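Please keep the sequence and the model in view while reading.

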Amino acid sequence: MGARLREIRKDAGLTARALAAAAGWPNHTRVSKIEHGVQAPSDGDIRAWCRACGAAGQVPDLIATARATESAYLEFQRQARAGMKRVLGAHTVALYERTSRFRIYEHNVIPGLFQTAAYCAAMLSFWIGFLETSGDLDAAVAARMERQKVIFDPGRRFDVVLEEQALRTWFGTAEVQAAQLGRLLEMMAVPTITLGIIPLMTERTGVPSAGFWIFDDRLAALETPTASIEVTRPGEIELYARMFGHLSASAVRGAAARGLIIRALAELS
């Protein structure tokens with residue numbers, strides 16, 4: 001957004017100071033902050049910017065783009081004001097029902113679609129405290145369990161890649177973790193699911209910085225500790241798909257994957 005507004009200013013032949021003066025702003029620092037992505041432009045900022053640059057015809061598209069950009073970054077704490085049940089990010093029942101192919105990569109957690117209720121509750125208990133939201137734990141767990149119905153729909157496909165570390169990151173007690181690993185073994189028998197696991201200390205061609213989900217070719221979603229980020233630009237989704245391909249190539253499947261899960265289970269006893 002900042003780069004696009006900078007192009008409009010330069011096409012108009014205006015310096016940052018000249019633009020600020022024409023827009024009626026007391027100094028040019030607002031121009032710099034907007035162009036460098038430090039400050040998001042308001043609708044009024046966009047109108048004043050385009051008016052000063054003789055680009056009023058671009059206002060509707062720019063405002064729409066700015067609003068889409070804001071909605072792509074969903075702050076968990078803001079969502080959590082209505083309770084943890086509302087903190088879903090991209091992971092809504094509606095999106096799941098619209099998606100035919102899920103490509104899922106997680107590096108330190110079992111994906112929500114395959115979690116037991118106890119594992120989910122242990123994980124969400126931390127986030128309820130971290131985000132300082134209401135203690136609607138049961139409702140939040142129920143909302144996430146409801147989404148799991150899609151995995152038994154024969155019209156869908158789930159390509160899943162986990163790091164071995166995800167098998168060894170505990171949420172709750174050893175018993176909770178053991179039940180979760182047992183659930184993962186059960187999920188390997190579901191025809192719609194293909195599960196690969198990347199072993200620790202293995203040669204690989206790609207190392208991502210975060211877990212991510214790709215919903216068909218329409219949306220890629222990832223989560224930071226404070227927000228959900230949704231990517232819809234086709235070129236960027238293609239990059240996520242390319243990264244998923246690298247990760248998938250490093251994963252083992254079938255008996256080898258089951259062996260890694262069973263080994264993690266044995267270490268719990």
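**Salt bridges**

Arg6, Arg9 and Glu35 are joined in a network of salt bridges, a salt bridge being a side-chain nitrogen of Lys or Arg within 4 Å of a carboxyl oxygen of Asp or Glu. The model is a predicted one, in which local features need pLDDT of at least 70 and side-chain atom pairs count only at pLDDT 80 or more, while totals for chains, interfaces and linings use all residues. Residues are numbered from 1 along each chain as its sequence is written, and side-chain values use heavy atoms, with hydrogens and water left out.

Side chains of opposite charge can pair when their charged atoms come close. Over the whole structure, a search finds 13 salt bridges. One of them joins aspartate 217 to arginine 103, with the closest N and O atoms 2.7 Å apart. This pair links distant parts of the chain, 114 residues apart: arginine 103 belongs to strand 2, and aspartate 217 to the loop between strand 5 and strand 6 (219-223). Helices and strands here are DSSP runs numbered from the N terminus (helices H or I, at least four residues; strands E, at least two). Aspartate 217 is exposed, with a relative accessible area of 59%, whereas arginine 103 is buried at 7%. Buried means under 20% relative accessible area, exposed over 50%, and partly exposed in between (1.4 Å probe, protein chains only).

Aspartate 216 forms a salt bridge with arginine 218, at 3.0 Å between the closest N and O atoms. Aspartate 216 is buried, with a relative accessible area of 14%, and arginine 218 is partly exposed at 40%. Glutamate 164 and arginine 168 also meet through their side chains in a salt bridge, at 2.9 Å from N to O. Here glutamate 164 is buried at 4% relative accessible area, while arginine 168 is partly exposed at 23%.

**Strand 2 and its partners**

Arginine 103 leads back to strand 2, which spans residues 101-106 and has 5 of its 6 residues buried. Strand 2 pairs with strand 3 (residues 157-163) in the parallel sense over 6 bridges; two strands pair if DSSP finds at least two bridges between them. Strand 2 is also joined to strand 5 (residues 212-215), by 4 bridges and in the antiparallel sense. Which residues stand opposite tyrosine 105 in these two strands? In strand 3 the residue is valine 161, and in strand 5 it is phenylalanine 212.

Helix 2 covers residues 16-23, and its buried residues include Ala16, Leu19, Ala20 and Ala23. These residues lie on the same side of helix 2 because they cover an arc of only 100° around the axis, the arc being that of the directions from the helix axis to the C-beta atoms. An α-helix has 3.6 residues a turn, so residues three or four places apart point the same way. The face turned away from the buried side of helix 2 carries the exposed residues Arg17, Ala21 and Ala22. Among the elements covering the buried residues of helix 2 are helix 1 (2-11), helix 3 (29-35) and helix 4 (43-53). Just after helix 2, glycine 24 has a positive phi of about 85°.

Most residues other than glycine have a negative phi, and most peptide bonds are trans. Glutamate 132 has a positive phi, near 55°, and lies in the loop between helix 8 (117-131) and helix 9 (137-147). Glutamate 132 is exposed, with a relative accessible area of 67%. Methionine 201 likewise has a positive phi, of about 55°. Methionine 201 is in the loop between strand 4 (193-198) and strand 5, and is exposed at 86% relative accessibility.

**Nonpolar cores**

The largest nonpolar core has 35 residues, and those with the most contacts inside it are Leu113, Phe114 and Leu167. A nonpolar core is a set of buried Ala, Val, Leu, Ile, Met, Phe, Trp, Tyr and Cys residues joined through side-chain atoms within 4.5 Å. Another core lies apart from it, with 19 residues, among them Trp25, Trp49, Ala55 and Ala66. Leaving aside neighbours within four places in sequence, phenylalanine 114 is in contact (heavy atoms within 4.5 Å) with residues including Ile151, Val160, Leu184, Met187 and Ile193. Gln148, Gln180 and Arg183 are also among the contacts of phenylalanine 114.
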